[in-house]
Amino acid sequence: MKNSQIVVLVKECLNGNKDSYSLIIRHFQQNIYNLCFHFLGTPQDAEDAAIEVFTKAYRALKDFNPQYAFSTWLFRIAVNHSIGILRRQKREREYLMAEAANPFSMTEWKSPDTVFFNNSQQKALESVLSSLPVKYRTALMLKYQQDLSYQEISEIMEIPVNTVGSLILRGKKELREALK
Amino acid sequence: MSVNCLDELSVSMFLDDELAPVERKRVETHLETCALCRELLRQQEAENTQIKELFKSTPTPDLVPAVMEKLPTPVLLKYRWLLATAASILLAGLLFIFLFLITPTNTGSGEKQVILCSAQVDGQEVQRHIYESTGPDIQFIWLEKKNEKKEEFK
């Protein structure tokens with residue numbers, strides 16, 4: 001669905017046609033759910049968060065500027081909402097504890113290339129990834145899960161566009177370091 | 001590795017298709033002649049693939065019914081500021097009545113104001129008053145020091 005079509009649906013919603021919003025939900029639900037899932041880690045938390053994101057977005061529809069992409073606006077709500085949940089639940093602390101239990105900590109050093117190609121170590125990578133600082137994880141997710149451009153990522157994360165590349169690279173380096 | 005070799009950021013941005021055309025051309029030209037940088041490119045490609053695999057889609061439940069159930073009705077949404085303003089005015093009115101019309105001096109039947117105790121503080125007499133009402137379950141306790149009056153709400 002093109003942004004112009006979404007803008008039409010948004011206007012319909014603002015005019016009181018609630019059903020138009022169901023089309024918007026159907027279009028974005030997979031992306032938003034996946035984003036929340038990889039932030040929060042459990043299907044139930046992800047589902048609850050995604051529902052809240054769509055509800056929050058609906059209430060804020062009048063603030064959406066049609067000159068910009070609706071997806072960027074919605075992703076920003078989803079990212080901020082997920083980070084808010086993480087902070088509230090202090091999950092970052094749990095992720096750090098998970099990192100301490102990382103099986104890699106007891107293994108000998110392997111080159112990043114070897115490590116990344118070994119499928120059996122996917123779980124460990126997942127664990128390490130979840131322990132990354134939120135800003136790196138967010139940048140990696142928006143790039144490699146949502147396939148967004150640096151420009152879109154900068155708008156969602158509200159950071160300068162020229163820092164997005166280094167944030168992504170830094171995230172990858174942190175992964176490598178954690179896997180050593 | 002020569003001084004012309006690519007840095008990691010350039011390779012990463014090259015793979016993400018985020019380099020300006022001129023810079024992209026420079027990277028492509030260099031990669032044709034430098035095995036070390038081609039290896040760096042290959043490693044980063046592998047990393048990207050692995051990260052994408054990690055972020056692969058999970059089965060998504062249908063969120064539409066749950067979201068639609070939670071949405072406010074369009075009328076309420078449209079006039080929510082009006083409703084919020086009306087509620088604020090009502091609340092302010094109630095607060096005004098509570099604070100200024102139901103006061104310790106406005107005692108009615110069955111209500112009483114008593115001095116609980118008095119003591120000398122810094123050479124001045126301080127009295128502890130209590131006001132009780134038989135109507136709503138309200139009790140004020142305050143301290144008086146000369147003309148000052150401090151109220152505590154209990």
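**Legends to the close-up views**

**View 1. Model confidence along chain A.** In this predicted model, the mean pLDDT of the elements of chain A is highest in α9(A), at 95, and lowest in α6(A), at 44. Here pLDDT is the predictor's confidence in each residue, from 0 to 100, while helices (H or I, at least four residues) and strands (E, at least two) are DSSP runs numbered from the N terminus. The average pLDDT of chain A is 83, and 80% of its residues score at least 70. Over residues 104-118 of chain A, pLDDT stays under 50, and the model has 16 contacts beyond four places in sequence for this stretch. Two residues are in contact if their C-beta atoms, placed from the backbone, lie within 7 Å. Because the model is predicted, local features need pLDDT of at least 70 and side-chain atom pairs count only at pLDDT 80 or more, whereas totals for chains, interfaces and linings use all residues. Residues are numbered from 1 along each chain as its sequence is written, and chains are lettered from A and ligands numbered from 1 in the order in which they are written.

**View 2. The helices of chain A.** Chain A contains 10 helices and 0 strands. Of its 180 residues, 37% count as buried; a residue is buried if 20 or more other C-beta atoms lie within 10 Å of its own, exposed if 12 or fewer, and partly exposed in between, with C-beta atoms placed from the backbone. Among the contacts in chain A with a separation of 6 or more, 65% join residues 24 or more positions apart.

**View 3. The contact between chains A and B.** Here 37 residues of chain A are in contact with 28 residues of chain B. On the side of chain A that touches chain B, at least two residues come from each of α2 (19-40), α3 (43-59), α6 (112-117), α7 (122-130), α8 (134-144) and α10 (164-179). The most are given by α2(A), with 10 residues. By type, the residues on this side of chain A are 19 nonpolar, 11 polar and 7 charged. Ala, Val, Leu, Ile, Met, Phe, Trp, Tyr, Cys and Pro count as nonpolar, Asp, Glu, Lys and Arg as charged, and the others, Gly among them, as polar.

**View 4. The largest nonpolar core.** A nonpolar core is a set of buried Ala, Val, Leu, Ile, Met, Phe, Trp, Tyr and Cys residues joined through C-beta atoms within 7 Å. The largest has 52 residues, of which I32(A), C36(A), A50(A), V53(A), F54(A), L74(A) and A78(A) touch the most other members. Helix α2(A) gives the most to this core, with 11 residues. The core lies between domain 1 (1-89) and domain 2 (90-180) of chain A, because both give residues to it; the domain bounds come from an automatic or database domain assignment. Apart from this core lies another, of 6 residues, including L6(B), V11(B), F14(B) and L40(B).

**View 5. Helix α3 of chain A and V53(A).** The buried residues of α3(A) are A46(A), A49(A), A50(A), I51(A), V53(A), F54(A), A57(A) and Y58(A). They are covered by elements that include α2 and α4 of chain A and α4 (64-70) of chain B. Not counting residues up to four places away in sequence, V53(A) touches I32(A), C36(A), I77(A), A78(A) and H81(A). The end C-alpha atoms of α3(A) are 24 Å apart, which agrees with the 24 Å that its 17 residues should span at 1.5 Å a residue. The expected span of a helix is 1.5 Å times one less than its number of residues.

**View 6. Helix α9 of chain A and T72(A).** In α9 (residues 150-157) of chain A, the buried residues are Y150(A), E152(A), I153(A), S154(A) and I156(A). These pack against α4 (70-89), α8 and α10 of chain A. T72(A) belongs to helix α4 of chain A and counts as partly exposed, with 17 C-beta neighbours inside 10 Å. Leaving aside neighbours within four places in sequence, T72(A) is in contact with E152(A), E155(A) and I156(A). T72(A) and M157(A) are 85 residues apart along the chain, and their C-alpha atoms are separated by 9.7 Å.

View 7. E158(A) is found in the loop between α9 and α10 of chain A. E158(A) is exposed, with 9 other C-beta atoms within 10 Å. In chain B, D17(B) is found in the loop between α1 (8-15) and α2 (21-33). D17(B) counts as exposed, with 9 C-beta neighbours inside 10 Å.
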